[in-house]
Protein chains: 2
Amino acid sequence: MTKKSSSVTIRNVARQAGVSVATVSRYINHNAPVSPEVAERLIKVMAELNYLPHAAARHLATRKARVVGLLLTNMTNDYFAPLLNGIESVVSQHGYNLLVATHRSASNNDFQPPIGPHNTDGLLVFAASLKDEQLYQLHKKKFPVVLIHRTPPDDLPLPFVTVENKAATRAIIDHLIEVHGKRRIIFMRGPIHNEDSHWREMGYKASLQAHGIDYDPALVLAGEFERKVAQESMSTCLSSKYPEFDAVFAGDDEAAIGVFAALQQAGRRVPEEIAVAGFDDQRMSSFLNPPLTTVRAPTEEVGRVAGQQLFNLLQGLPVDPVSLLPTEIIIRRSCGCNH
Amino acid sequence: MTKKSSSVTIRNVARQAGVSVATVSRYINHNAPVSPEVAERLIKVMAELNYLPHAAARHLATRKARVVGLLLTNMTNDYFAPLLNGIESVVSQHGYNLLVATHRSASNNDFQPPIGPHNTDGLLVFAASLKDEQLYQLHKKKFPVVLIHRTPPDDLPLPFVTVENKAATRAIIDHLIEVHGKRRIIFMRGPIHNEDSHWREMGYKASLQAHGIDYDPALVLAGEFERKVAQESMSTCLSSKYPEFDAVFAGDDEAAIGVFAALQQAGRRVPEEIAVAGFDDQRMSSFLNPPLTTVRAPTEEVGRVAGQQLFNLLQGLPVDPVSLLPTEIIIRRSCGCNH
DNA sequence: CCGGTTAATGTAACCGGTTACATTATGGCA
DNA sequence: TGCCATAATGTAACCGGTTACATTAACCGG
């Protein structure tokens with residue numbers, strides 16, 4: 001009965017093949033010539049023993065984990081399937097692995113995030129999954145970080161990738177006002193301090209102002225980019241007399257679903273009575289009832305670009321400090337159009 | 001100019017605090033008593049130096065990676081957002097990290113999957129992301145594996161978690177036949193060898209047989225559980241005279257969307273002319289136009305249960321060899337009902 | 001035939017933790 | 001007072017790779 005671990009190591013392979021561990025290592029990494037006979041013996045022995053180099057040992061010796069991390073706040077939004085897909089595709093292309101973790105930056109101050117320099121070579125940080133101070137610390141260590149849907153705090157030259165929010169939102173509000181004659185348009189906010197939400201609100205305000213419509217704080221509701229929250233906000237709003245409104249920009253598609261649900265439950269018709277618009281153009285948005293007028297955000301592309309930037313960073317290649325991916329408004333029926 | 005790596009190690013901490021590395025290690029892992037004064041000094045020093053134990057070194061020494069892997073074939077289906085969410089929640093609860101990788105078992109035979117014993121403590125294997133032989137190899141090494149939406153090959157006692165497919169599909173086909181008088185029902189298959197698809201087809205056939213309807217191979221189409229594929233299959237089917245049909249069970253909700261699109265494009269009305277049903281009950285399915293009649297699969301719960309089983313395995317706790325989560329049919333409008 | 005270059009390989013230190021074992025200090029009890 | 005159990009800590013080997021440096025063999029031109 002062998003007490004030894006059942007895992008086969010490079011030394012087993014070396015002994016079995018009658019060479020030194022250095023030779024085996026060199027063969028595996030193809031970073032120094034190995035004689036053909038030895039190579040042949042090695043492939044055979046490695047296959048027989050079913051040898052796989054131990055990732056941690058390698059990581060320790062080379063100081064490369066061959067792993068990148070993705071930090072996000074949660075995964076309850078369908079938005080994340082395409083994002084992950086985009087990221088994963090470039091990560092695997094580079095022969096790396098992807099470590100996924102959720103972390104609320106709001107939680108106990110100095111609670112360390114579960115992924116970082118100790119277990120990855122670089123980090124993709126989504127929105128508010130890390131707080132500024134933690135970003136500063138990572139940067140101080142020269143740790144590669146790319147931000148997604150978030151800009152770096154002052155003086156931190158971290159590359160980030162996000163989508164154009166303000167102009168698209170402005171365009172969609174313009175549409176509601178100009179084409180459909182709406183004047184009382186609800187704006188649903190995302191999570192507090194969410195930058196996308198911020199710029200969408202800027203677009204909203206810009207449009208109102210351009211049309212001489214007063215900004216009414218009563219028309220701003222909490223949607224949180226979550227279906228449930230949006231539904232409740234909408235419901236409580238509906239059950240009170242004031243404010244009256246004739247349209248709602250839901251913040252994102254997910255919240256738009258919640259708005260649909262609340263409106264439907266209250267017997268208000270979309271778009272005849274209330275126009276609704278979202279943001280993201282999720283995969284199913286064109287099949288909703290009614291089809292959702294929204295803004296198309298290239299989510300999978302965001303993932304790919306972010307991944308690509310991170311690998312540029314890792315390889316010392318030039319990096320785009322800002323990747324602002326274009327969006328376009330998608331007019332369907334929920335605004336009252338008949339596309 | 002220090003050539004040394006910028007990372008701070010346990011030896012730095014030890015020196016700075018005037019103790020040995022063993023003491024630091026013991027404090028970190030709370031596995032042996034440390035005097036209060038030393039503890040106090042350590043927390044201070046560790047905070048000052050911003051010390052984080054190197055995961056690989058730990059992994060190497062303890063032979064525990066504190067990482068579990070999730071292997072899947074792709075992430076192009078919205079189905080995966082809730083699945084990942086369920087898995088991630090239990091993984092992080094246990095203080096572990098999640099490594100996500102895609103891998104087509106169809107690809108070059110002996111091409112090693114990117115995650116396994118060398119970089120994780122256990123694996124969640126989704127559907128056909130690994131082939132039987134690779135499962136045998138993992139099992140030979142006593143490596144913890146839990147299957148998701150897949151049963152183990154013969155004689156392999158791997159725990160698996162999936163959902164009830166056959167009875168639910170049978171119930172929904174029964175419904176189409178009995179309530180809506182459909183007789184020519186298309187069945188869309190998922191990917192080849194997909195077990196869910198297999199059992200759904202069994203349910204389909206069982207229902208037909210029970211109602212004395214002949215099984216017509218011309219009525220089974222390829223849907224692949226992918227929207228695009230389903231749409232094309234449906235379209236080509238529509239453009240040819242034969243077969244006639246009055247309903248389609250799309251295989252899953254994703255494919256149902258494709259069916260909706262094809263039908264709509266061809267000017268066929270759902271459900272007046274053609275009834276449609278799906279499977280999964282994705283988050284948006286109730287908001288489709290028309291709301292989709294489908295089967296609710298507890299996807300997030302599948303993720304949680306699978307994760308839980310894997311941790312039971314890791315901790316030597318008893319494991320349920322099979323977790324068959326219940327499903328229920330959700331009648332909405334796409335079948336012709338008026339809910 | 002010899003000094004020097006190059007190809008192929010071996011030896012052993014090192015990466016940063018953990019932990020078996022050894023050591024020292026302290027308090028209890030006969 | 002002396003002996004032993006126990007608490008707190010230190011030393012060094014070890015986990016499984018990589019790689020600087022050393023070594024040997026082969027080959028080449030003069």
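In this predicted model, the surface near DNA strand C draws at least two residues from each of α2 and α4 of chain A and α1 (10–17), α2 and α4 of chain B. There are 31 residues around DNA strand C, and Ser20(A), Arg63(A), Ile10(B), Arg11(B) and Ser25(B) come nearest. Of the atoms of DNA strand C that come within 4 Å of the protein, 59% belong to sugar and phosphate. By class, the residues of this surface near DNA strand C divide into 16 nonpolar, eleven polar and four charged.

DNA strand D has 32 residues around it, of which Ile10(A), Arg11(A), Ser25(A), Ser20(B) and Arg63(B) come nearest. Sugar or phosphate accounts for 59% of the atoms of DNA strand D within 4 Å of the protein, and bases make up the rest. The surface near DNA strand D has 17 nonpolar, eleven polar and four charged residues. Its largest share, five residues, comes from α4(A).

| Protein group | DNA atom | Distance |
|---|---|---|
| Ser20(A), polar backbone atom | phosphate oxygen, DNA strand C | 2.5 Å |
| Asn29(B), polar side-chain atom | phosphate oxygen, DNA strand C | 3.0 Å |
| Ala57(B), polar backbone atom | base nitrogen, DNA strand C | 3.4 Å |
| Tyr51(A), side-chain N or O atom | sugar or linking oxygen, DNA strand D | 2.9 Å |
| Arg58(A), side-chain N or O atom | phosphate oxygen, DNA strand D | 3.0 Å |
| Ser35(B), polar side-chain atom | phosphate oxygen, DNA strand D | 2.7 Å |

The elements that give two or more residues to the surface near DNA strand D are α1 (10–17), α2 (21–29) and α4 (55–62) of chain A, along with α2 (21–29) and α4 (55–62) of chain B.

Now for strand β2 of chain A. Is this strand, residues 97–102 of chain A, enclosed or open to the outside? Six of its six residues are buried, so β2(A) is largely enclosed by the rest of the structure. In a regular strand, side chains alternate between the two faces of the sheet. Here both faces are covered, with Asn97(A), Leu99(A) and Ala101(A) buried on one side and Leu98(A), Val100(A) and Thr102(A) buried on the other.

Which strands pair with β2(A)? Within chain A, β1 (residues 67–72) runs parallel to β2(A) and pairs with it over six bridges, and Leu70(A) has Val100(A) as its bridge partner. Together with helix α5 (residues 80–93) of chain A, these two strands make a right-handed β-α-β unit.

Finally, the rings: the structure holds 14 aromatic pairs over all chains. One of them is the stacked pair of Phe187(A) and Phe249(A), 5.7 Å centre to centre with 20° between the planes. Phe187(A) lies in strand β6 (residues 185–189) and Phe249(A) in strand β8 (residues 247–249) of chain A, so the pair ties together parts that are 62 residues apart in sequence. Both Phe187(A) and Phe249(A) are buried.

In chain B, the ring centres of Tyr204(B) and Tyr215(B) are 6.4 Å apart and their planes lie at 75°, so this pair is edge-to-face. Tyr204(B) is buried, at a relative accessible area of 1%, whereas Tyr215(B) is partly exposed at 33%. Back in chain A, Phe187(A), Tyr204(A), Tyr215(A) and Phe249(A) form one aromatic cluster.

Key: Residues are numbered from 1 along each chain as its sequence is written. Chains are lettered from A and ligands numbered from 1 in the order in which they are written. This is a predicted model: local features need pLDDT of at least 70, side-chain atom pairs count only at pLDDT 80 or more; totals for chains, interfaces and linings use all residues. Side-chain values use heavy atoms; hydrogens and water are left out. Buried means under 20% relative accessible area, exposed over 50%, partly exposed in between (1.4 Å probe, protein chains only). Helices (H or I, at least four residues) and strands (E, at least two) are DSSP runs, numbered from the N terminus. Two strands pair if DSSP finds at least two bridges between them. A crossover is right-handed if, with the strands pointing away from the viewer, the path from the first strand over the helix to the second runs clockwise. A residue is near a molecule or strand if one of its heavy atoms lies within 4 Å of it. A polar contact is a pair of N or O atoms within 3.5 Å; within protein, one must be able to donate a hydrogen and the other to accept it, and residues adjacent in sequence count only if both atoms are side-chain atoms. Ala, Val, Leu, Ile, Met, Phe, Trp, Tyr, Cys and Pro count as nonpolar, Asp, Glu, Lys and Arg as charged, and the others, Gly among them, as polar. Rings of Phe, Tyr and Trp (its six-membered ring) pair if their centres lie within 6.5 Å; planes under 30 degrees apart count as stacked, over 60 as edge-to-face and the rest as tilted.
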